[in-house]
Amino acid sequence: MSLLLFNRYEKKYLITMDVKKQLEARFQDYLAKDSYSKDSAYSIYNIYFDTFDYEVIRHSLSKPKYKSKLRLRFYDYPVLESTDIYLEMKHKSLGQVHKRRQKIHFDGYQKLLKSSLYTVDSPTQIDNEIMYYLKHINVLPSTFLLYERTAWQSENNILRITFDINMKTAPYSEKGLEDLTPIIDEDMVIMEIKSSMNFPLWLVRILSELNIKPTRFSKYGRAYQNTLGGYNG
């Protein structure tokens, strides 16, 4: 397994496709597209875990100081034995995002979907954290969420900016992706700025000149609100 850790601040922005084009034209002087975005956007597939009554996302939408989510992520569909599959534990505390990411094998992926079990022979601290979460929160595979992404990053990767479009969701089913529903308009884009440091002055200036302001937006939260269970506070 490979382990990746991310500790950073993230801000989200809801913008139009036209604004995305303006931003990308300006980013070329400061950033480069990541290796997966050089020719076109790439697809991201997620399976979020939640309780049968969506307790995890309902808690998240209540704007707590601390929240956690567990999801599977892969970049090809359907999932095969050769597919790179990642299990991600995402925490947010006082505005900072802490993400732990494990690459898992196909048999582990199947076990997670069938029984919500995750076991490894020599668990790391992160493995133990995931196993504890699965045992005590009692979550199940809940929701498919997929979209297409273009990503830009600084040379040292301290700053990363992503654009997500064509966002769709469906309740999880063993049959696979069925009855997908869009959760944002075709002309809208979710931009995320991710950095372990303060935003550089050139970026602050561009955002100010284009009057782009951050917004609260949860992809899984929007999927829940629009299509899965609703939310009334």
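A residue is called buried when its relative accessible area is under 20%, exposed when this is over 50%, and partly exposed in between (1.4 Å probe, protein chains only). Helices (H or I, at least four residues) and strands (E, at least two) are DSSP runs, numbered from the N terminus. The model is predicted, so local features need pLDDT of at least 70 and side-chain atom pairs count only at pLDDT 80 or more, while totals for chains, interfaces and linings use all residues. Residues are numbered from 1 along each chain as its sequence is written, and side-chain values use heavy atoms, with hydrogens and water left out.

Strand β4 spans residues 66-74. Eight of its nine residues are buried, so β4 is largely enclosed by the rest of the structure. Two strands pair if DSSP finds at least two bridges between them. Strand β3 (residues 42-50) pairs with β4 over four bridges, in the antiparallel sense. Within this pairing, I47 has L72 of β4 as its bridge partner. Strand β5 (residues 85-93) also runs antiparallel to β4, and nine bridges join the two. Here K69 stands opposite K90 of β5.

The pairing continues from β5 to β6. These strands are antiparallel and share nine bridges. K92 stands opposite V97 in β6. Two residues lie between the strands of this hairpin, in which L94 takes a positive phi near 50°.

Helix α3 covers residues 106-115. Its residues F106, Y109, L112 and L113 are buried. They cover an arc of only 120° around the axis, which puts them on the same side of α3. The arc is that of the directions from the helix axis to the C-beta atoms. An α-helix has 3.6 residues a turn, so residues three or four places apart point the same way. The face of α3 turned away from the buried side carries D107 and K114, which are exposed. Contact means heavy atoms within 4.5 Å. The buried residues of α3 pack against β3, β4, β5, β6 (96-104), α4 (125-137) and β7 (140-153). Just after α3 comes S116, with a positive phi of about 55°.

A pocket is found on a 1 Å grid over the protein atoms alone: it is an open set of points where a 1.4 Å probe fits, with protein on both sides within 12 Å along at least five of seven lines. Lining residues have an atom within 4 Å of a point. Grid points are joined across faces, edges and corners, and a volume is the space filled by probe spheres set on the points. The second largest pocket has a volume of about 280 Å³. It is lined by 15 residues, of which V79, Y109, L113, Y172 and E174 are the closest to its centre. Helix α3 supplies the largest share of this lining, with five residues. By type, the lining holds nine nonpolar, three polar and three charged residues. In this count, Ala, Val, Leu, Ile, Met, Phe, Trp, Tyr, Cys and Pro are nonpolar, Asp, Glu, Lys and Arg are charged, and the others, Gly among them, are polar.

Helix α5 (residues 201-209) has the buried residues W202, L203, I206 and L207. Seen down the axis of α5, these fall within an arc of 135°, so they line one face of the helix. The face turned away from them carries the exposed residues L201 and S208. N211 follows α5 and has a positive phi, near 55°.

A lysine in helix α1 (residues 17-27) is K20. K20 is buried, at a relative accessible area of 11%. Leaving aside residues up to four places away in sequence, K20 touches I15, F163 and V189.

Several loops hold backbone exceptions. Most residues other than glycine have a negative phi, and most peptide bonds are trans. The bond between Y77 and P78 is cis, with omega about 5°. P78 belongs to the loop between β4 and β5. N157, in the loop between β7 and β8 (159-171), has a positive phi near 65°. N157 is partly exposed, at 44% relative accessibility. D179 is not a glycine either, yet its phi is positive, about 55°. D179 sits in the loop between β8 and β9 (181-182). With a relative accessible area of 69%, D179 is exposed.
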